Amino acid sequence: MRMYDIIEKKRNGGELTDEEIRFFINGFTDGTIPDYQASALMMAVWFKGMTERETVTLTEAMEKSGDTVDLSRYGSLSADKHSTGGVGDKTSLIVTPIVASLGAKIAKMSGRGLGHTGGTVDKLESIDGYKTTLTGEEFLNQVDEIGLAVIGQSGNLTPADKKLYALRDVTATVDSIPLITSSIMSKKLAAGSHNIVLDVKCGSGAFMKTPDDAETLATEMVKIGKACGRNIAAVITDMDTPLGTNIGNSLEVIEAVRVLKGEVDNDLKTVCIVLATELTSLVFGIDTAEAEKRVNEALSSGKAFEKMKQWITAQGGNAACLEDFSLFKQPKYSYDISAEKDGYISSMNTEKIGISSVILGAGRESKEDSIDFAAGIVLKKKTGDAVKKGDVLATLYTDREGSIANAEKMFLEALSISDTAPAPKPLVYKIIR
Ligand code: URA
C-alpha cells in the first residue's frame, strides 16, 4: 500500500477502505508517513469529506493509536462529559459532582486552556494543593471510593490525534466535521466511559459559529459515538455570551461553588442542570423528567456540594477555600470598566472577552507562559442588560498592572451598546440523542 495512492484516491473524491485508513494512522503515528503526506490527506478530506464508515474507522484507529483507559469495572455507571470549549465555561466543575453524588462513576481527563478558551485542569490548579496528575492506580482507587476524579490528559492517550491536531492547526484543516469528530471522539473513546454527554458550544466564543454548523457537528459525533457502542447525547448551547459572570481560573471555581451551594441562579446553572440531566438519564436509563428531579435534589440537598468537597480533598486540594474564598490567592489589582453611554448591551464578542482575560494573565499567550490563577473578569452586565453611562460593566483582576489598559481596550471592542434591547436568544438550542 502506498500513501501516494491514498492521497490521490481521496483527492478524487473516492471512499477510503478500512485498511487504507488504518495504514495511514499507524504509519503517521510511528513516523513512517511524513507530515507533508499527512497534511495533503487532511486537505483532501477537508475538501471531499468522509462517509460515516470512514469517520468511524478513522476514530477507532486514532483511539487505538495509544493507551486506552479500562473502566469496565464500573459497568454501565461510567460517565464523562466534554465541552467543545468556551469562555466562562466551568460546567465540568458543577456537572461532575452532581452526577457523581447520584451514584455515577466519573474518571475524567480534562484539558488546559486553549487560545481564548479556559480549561478545567487550569481551573482546578487554582485550588492550593490540587493534584492534576495521579498514577493510574490512584486515579481508579479514588473513583472506587468517592465516584469522582479529574486529572489532566496523561500517558500515551491518542498520540495520533496529538500529532494530527498539531498539523491541522498549521495547515488550515481544523474546521472539517469528520476531522473534528474523529479528534474529539477518539479521545472520549480512549478515556473509556460508557456514557458521554457532549456540550457543543455555538456562537462568537465557540469553534462553531452558527447553530446549523453546531448541529451538524453534534449529530455526527452522536452517530459515531453510537456506532462505537457508547451511550451518548449532545446538547447544543449558546456561547455568544460568556457563560455565567466569572472568567478566569479561581474566579470560575468560586462561581461553580456558588451554583452548587444554591447561591446563584443564572444561565450557568440552567446549562449545568440540562447537561447533568442528560448524563443522569443516560447512566441510570431513566427519563429526563426523573433525571432532572434527581439533579435538582442533589443541588438543593447540598449532596452535590459535599461531593465536590470530598473530591477536592481526595485529590490533595485545600477544600477550606471552597467555604472561605479569601483563602484563594488574591489579585494585586482590580479595575472597573464603565459604560461610555446609555443603552442596551446588544452583543458581546465572546472570543474577544476571552482574549481580554488571557491578556490579564488568566490564560497563556504561548505554551511556556505561566498562569495567574487570580486573574480574570467578573461581568456585571451581559447581553440584553440595560446600562446607563458610568455603570460598571465588568471588573478586571490581575497581578500585571501593565496589562489593564490593553485588556480594557479589548473588552470594550467586544461590546456593542445599542438603543434597543436585542431579541433574546435560546441558551440551549437543541439536544441530540
Ligand atoms: N477539539 C479537539 O479536540 N479537536 C478538534 O479537532 C477540534 C476541537
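Select tyrosine 344 and you'll find alanine 386 of strand E10 standing opposite. Now colour all of strand E8 (residues 343–348): 2 bridges join E8 to E10, and the two run antiparallel. Strands here are DSSP E runs of at least two residues, helices are H or I runs of at least four, both numbered from the N terminus, and strands pair if DSSP finds at least two bridges between them.

Before moving on, keep in mind that this is a predicted model: local features need pLDDT of at least 70, side-chain atom pairs count only at pLDDT 80 or more, and totals for chains, interfaces and linings use all residues. Numbering starts from 1 along each chain as its sequence is written, and side-chain values use heavy atoms, leaving out hydrogens and water.

Now jump to the ligand. Around it sit Tyr165, Arg168, Ile180, Ser183, Ile184, Lys187 and Phe207, each with a heavy atom within 4 Å. H9 gives the largest share of this shell, 4 residues.

Finally, pick out the polar contacts (pairs of N or O atoms within 3.5 Å). A polar side-chain atom of lysine 187 is 2.5 Å from a ligand oxygen, one of serine 183 is 2.6 Å from a ligand nitrogen, and an N or O atom in the side chain of arginine 168 is 2.9 Å from a ligand oxygen.

Definitions and conventions: Polar contact = N/O pair within 3.5 Å; in protein donor to acceptor, adjacent residues only side chain to side chain.
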